[in-house]
Amino acid sequence: MKTAVPCYYHLDVEVSPERVGQVSRILAAHLRHWDLDNLVVPVCGGAELLLRAIDEHATDKYTSIEMWWNGQHLITAVGGDDRDLRPDQDLRTCLAHIAAMSDGWGCCASDTGSKIIWFSQRARAGQRVPLVPTAPAPSLRHVRQVPRDMPLAARASSAGATQPAPEEAR
């Protein structure tokens, strides 16, 4: 069952070919800890694509990876400080794959000049966080009183007798 508690994870890493697999396993462990086993493959696949592209094209190999879970969406962001890396040219193939396998994605620049690429995955219809059941509240403000003036034996004997007409009962 998914947890409705918002979760956040941040990882700073120097990207290298051998670190890509390690980072993927770290992200998968956090997703499993958050009970998001079904998102391991798309999230780790997207993160691996971005890390391999950064390793191939970037001169500055230091990057930050962040994941946010809000109960229905998981957002993964990969940010690098390489000012020469151009997502529109160097990462075009990578971004096409991410767009195909995610529910949403984007690229932006921070105030410091670093580039951030993010993508999101949502929990599917059968996997959403269930609402906490609440006890039903009575909707009537006035309760009908049960007739208590006749003893139980008298009510049982009158039940066998003919019932008065509705006009007489009032």
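Guide: For the charged pairs, a salt bridge here is a side-chain nitrogen of Lys or Arg within 4 Å of a carboxyl oxygen of Asp or Glu. Keep in mind that this is a predicted model.
Visitor: OK, how many salt bridges are there in the structure?
Guide: There are three salt bridges. One of them joins the side chains of K61 and D55, at 3.8 Å from N to O. D55 is partly exposed, with 22% relative accessibility.
Visitor: Which residue does R52 meet in a salt bridge?
Guide: R52 pairs with E48, and the N to O distance is 3.7 Å. Both sit in helix α2, which covers residues 40–57, and they are four residues apart, so about one helical turn separates them.
Visitor: Why do residues four places apart point the same way?
Guide: An α-helix has 3.6 residues a turn, so side chains three or four places apart point the same way.
Visitor: And how exposed are R52 and E48?
Guide: R52 is partly exposed at 43% relative accessibility, and E48 is partly exposed at 24%.
Visitor: What about R122 and D103?
Guide: Their side chains form a salt bridge too, at 3.5 Å from N to O. This pair links distant parts of the chain, 19 residues apart: R122 is in strand β5 (residues 115–122), while D103 is in the loop between α3 (92–101) and β4 (104–109). R122 is partly exposed at 36%, and D103 is partly exposed at 33%.
Visitor: Switching topic, how many helices and strands does the protein have?
Guide: Five helices and five strands. Going from the N terminus, the order is β-α-α-β-β-α-β-β-α-α.
Visitor: And how much of the protein is buried?
Guide: Of the 170 residues, 32% are buried.
Visitor: Let's look at α1. How far does α1 reach from its first C-alpha to its last?
Guide: Helix α1 runs over residues 17–33, so 17 residues, and it reaches 25 Å, close to the 24 Å expected at 1.5 Å a residue.
Visitor: Which residues in α1 are buried?
Guide: V20, V23, S24, L27, A28 and L31. They cover an arc of only 140 degrees around the axis, so they lie on the same side of α1.
Visitor: Then what's on the face turned away from that buried side?
Guide: That face of α1 carries the exposed residues E18, R25 and H33.
Visitor: Where is I75?
Guide: I75 is in strand β3, residues 73–80. It is partly exposed, at 31% relative accessibility. The cut-off for joining a patch is over 30% relative accessible area, so I75 gets past that part of the test.
Visitor: Is C107 buried or partly exposed?
Guide: C107 is partly exposed, at 36% relative accessibility.
Visitor: And C7, buried or exposed?
Guide: C7 is buried, with a relative accessible area of 15%. The cut-off for buried is under 20%.

How values were computed: Residues are numbered from 1 along each chain as its sequence is written. This is a predicted model: local features need pLDDT of at least 70, side-chain atom pairs count only at pLDDT 80 or more; totals for chains, interfaces and linings use all residues. Side-chain values use heavy atoms; hydrogens and water are left out. Buried means under 20% relative accessible area, exposed over 50%, partly exposed in between (1.4 Å probe, protein chains only). Helices (H or I, at least four residues) and strands (E, at least two) are DSSP runs, numbered from the N terminus. The arc is that of the directions from the helix axis to the C-beta atoms.
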